[in-house]
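Hi,

Here is the structure I promised to pass on to you. Have a look at it first, then read my notes below.

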Amino acid sequence: MSRKDELIAELQKLDEQITAQCEQKLHSFVRHSWPVVEVQRPFVDNWHIGAICEHLEAVTLGQIQNLGINVPPSTGKSTIVSVQFPSWVWARKPGAVKPSRLGPGQRFMCAAYDQTQSMRDNMRMRDLVTSQWYQERWPQVALRADQNLQKKFATTAGGWRMGISVGAPRMGEHPNYKLIDDPHNPKKQLLSDTEIAAACQWYDYSFKVRGAMLNAATVLIMQRLHEKDLCGHLRATD
């Protein structure tokens, strides 16, 4: 075997090891997929990223049903929770325990304070799962050609990701995961007690009941800006 062939074999082996690490640990997946999602911003690791990943893994194992994460802006919260976490779940093989919360058949309903932000992360996740980096490792995650829109796209295994805004009317969809990323607009809603209350009421009477038949897990990630925001409301009532 030539030196060139040896180097190619070594690189292939290293790539297989990285793929295995990414499948086993969300933190590894976040680190290695970051350049695909954040082209202009280099990955800077920190203890809070490991903590978020560890708790999200516990959600997939059924050890945590409802998870609340409070972090400041520009700490990777949308990229990790709204984009990379669902992509990692789809890349995993379903576990032996039923019902499994892993595999490309999982369904994600993702909400943000406005539709623009929600659709932004929808498209970012779609770009990640269709990227060469991702498809070379997990080709079993394939998107349906007849359901590949900005607001919602689906896998051939029956999974989907839907992006909605806080305040959206009740829908007939039943997710396995409900992700809420910044339910309040820091420049608008937090200046109005009425807007804050409306977001909390939307959660109580619309979003909360989604996915009940599938025992859906809920993940809320946001910055705390008001004692009566959605996180404060859930801490006081749920």
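**What I found**

The protein chain has 8 helices and 7 strands. Its radius of gyration is 19 Å, close to the 18 Å that the globule rule gives for 238 residues, so the chain is as compact as a globular protein of that length. Keep in mind that this is a predicted model.

**The whole chain**

If you draw a box around the C-alpha atoms along the principal axes, you get roughly 70 × 35 × 30 Å. How much of the chain is buried? Of the 238 residues, 49% count as buried.

Next, contacts. Take those between residues at least 6 apart in sequence: 73% of them join residues at least 24 apart.

Charges come next. There are 29 positive and 24 negative side chains in the protein chain, and the centres of these two sets lie 4 Å apart.

**Strand S5**

Please find residues 160–165, which make up strand S5. How many of its residues are buried? The count is 6 of 6. Both faces of S5 are covered: one side has Trp160, Met162 and Ile164, while the other has Arg161, Gly163 and Ser165, and all of these are buried.

Now look at what pairs with S5. Strand S2 (residues 107–112) runs parallel to S5 and is joined to it by 6 bridges. Strand S4 (residues 152–155) runs antiparallel to S5, with 3 bridges between them.

S4 and S5 form a hairpin with 4 residues between the strands. In that hairpin, glycine 158 takes a positive phi near 100 degrees.

**Helix H8**

Last stop: helix H8, residues 230–237. Which of its residues are buried? They are Leu230, Cys231, Gly232, His233 and Leu234. And what covers them? The cover includes strands S1 (66–70), S6 (177–181) and S7 (217–222), along with helix H7 (193–207).

Cheers

Note on methods:
Residues numbered from 1 in each chain as written. Predicted model: local features only at pLDDT ≥ 70, side-chain atom pairs only at ≥ 80, totals over all residues. Heavy atoms only, no water. Helix = DSSP H or I, 4+ residues; strand = E, 2+ residues; numbered from the N terminus. Rg over C-alpha atoms; globule rule 2.2 N^0.38 Å. Buried < 20%, exposed > 50% of the residue type's maximum accessible area, 1.4 Å probe, protein only. Contact = heavy atoms within 4.5 Å. Lys, Arg positive; Asp, Glu negative; His and termini not counted. Charge placed at Lys NZ, Arg CZ, Asp CG, Glu CD. Pairing = 2+ DSSP bridges.
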